[in-house]
Amino acid sequence: FVLFALRFCAPAIGRRLGVRNRLRVSVSPSPNLESFYTQQSTRPTQVILSLFDIIHLMSLCGKSQRQIETWFRLRRHQDKPCQTKKFGEAAWRFFVYLTAFVGGLALSIMSLNLPQPMQSRHFWYYMLELGFYGSLLLRISVDIKRKDFKEQVIHHLATVFLLSFSYCANYIRIGTLVMLLHDSADILLESAKMFNYGSGWKKACDILFVVFASVFFLTRLVIFPSKIMHTTLVLSMENCQPFAGYYFFNILLMVLQGLHVFWASLILRMVPKFLTGKMEKDERSDEDSDLEEDKREEAEEDYCLTERKGTQSYKLAPLSKNCVLNNLTNHRASISGRLCKAQ
């Protein structure tokens, strides 16, 4: 069902929303450059050519330095995910978050007056969350690197440990409430991304961003520390004495709260741009801005080319002066010779 949704449903919804892939120029086949790109570079998406590498590739391929730099720039763009792929991934995460939120809300309502022990529906809810965050943790190493890459890794690890410990220690209710609070804001974030990848949905994106920011601050900066952490840190001491699991569980919750504050600061940095209408990309983005990277690399190439031309013209200037002087000297000598013959 998941493969069917990703392969057929997500592209169909994307076409409805106007998701279009940007036109990308394909590189000309070059086995030597392709071999260097895939084997010599540890990170092909950010390959950096040294002067020695450029000279070596120029001798192998018979291309100029500018042609080789352009080839690698276009080749890097081919490895970046297209808009339809980004939309499909956002749609997949939206579906999982929505399913987990509805399931967690139903479990919380049904378990209000029931004892704490694990039931089969809690088991499947935990397996869904653990499997999803485990897949995010495995995929983040091959995904596009962002400014909060380390924070994402810490968040996914802390979430996996929290889910595992709450499952083993039978902290079912507190684990369900923690995931429920997180999923409520993530649904809005992924839906905003889906509309952002489309065309003509700017107003819908703005509305979803406002709702997402409001829900994020309410759930993660107000409810999470005042209700969840207060219960686990303070109220739990009234019924039992602290043990090793008490410190481990609360330390992980504090780590999550620190990450919440970090991401809240990124959202606050986006608010002035949103109010002035200048918000064009996510504050976390490092490599999603293809156009900016293109302009920067093209400017660097033009600058290098101008520098080389300036250096060459500087070196050729004395030569040109010598040539002019030699021509004048030869011309005067020929004129004096003709005058002698005429006399």
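Ring pairs join F123, W124, Y125, Y126 and Y167 into a cluster, where rings of Phe, Tyr and Trp (its six-membered ring) are paired if their centres lie within 6.5 Å, and where planes under 30 degrees apart count as stacked, over 60 as edge-to-face and the rest as tilted. The model is predicted, and local features therefore need pLDDT of at least 70, side-chain atom pairs count only at pLDDT 80 or more, and totals for chains, interfaces and linings use all residues. Residues are numbered from 1 along each chain as its sequence is written, and side-chain values use heavy atoms, with hydrogens and water left out.

The structure holds 15 aromatic pairs. In one of these, the ring centres of Y171 and F249 are 5.6 Å apart and the planes stand at 75°, so the pair is classed as edge-to-face. Y171 lies in the loop between α7 (149–168) and α8 (172–197), whereas F249 belongs to helix α10 (residues 244–276), so the pair ties together parts that are 78 residues apart in sequence. With buried defined as under 20% relative accessible area, exposed as over 50% and partly exposed as in between (1.4 Å probe, protein chains only), F249 counts as buried at 4% relative accessibility, while Y171 is partly exposed at 25%. Y246 and Y247 form an edge-to-face pair, with 5.2 Å from centre to centre and 80° between the planes; of these two residues, Y246 is buried, with a relative accessible area of 15%, and Y247 is partly exposed, with a value of 47%.

Y247 also takes part in a nonpolar surface patch of about 360 Å², which is made by I154, Y247, I251 and V255. Such patches are made of residues with over 30% relative accessible area and no salt bridge, like charges being joined within 9 Å and nonpolar side chains (Val, Leu, Ile, Met, Phe, Trp, Tyr) within 5 Å; a salt bridge is a side-chain nitrogen of Lys or Arg within 4 Å of a carboxyl oxygen of Asp or Glu. Helix α10 gives the most to the nonpolar patch, with 3 residues. V255 is found in helix α10 and counts as partly exposed, at 31% relative accessibility.

In helix α7, T159 is buried, with a relative accessible area of 5%. When residues up to four places away in sequence are not counted, T159 touches Y133, M179 and L256, a contact being heavy atoms within 4.5 Å.

A search of the whole structure finds 0 disulfides, a disulfide being a pair of cysteine sulfur atoms within 2.5 Å. Among the cysteines, C168 is exposed, with a relative accessible area of 67%, whereas C205 is buried, with a relative accessible area of 12%.

At the level of the whole chain, the protein has 11 helices and 0 strands, these elements being DSSP runs numbered from the N terminus (helices H or I, at least four residues; strands E, at least two). Buried residues make up 36% of the 343 residues in the protein chain. Among contacts between residues at least 6 apart in sequence, 78% join residues at least 24 apart. The protein chain exposes about 21,100 Å², of which carbon and sulfur atoms supply 65%; accessible areas come from the Shrake-Rupley method with a 1.4 Å probe, and for residues only the protein chains shown count as cover.
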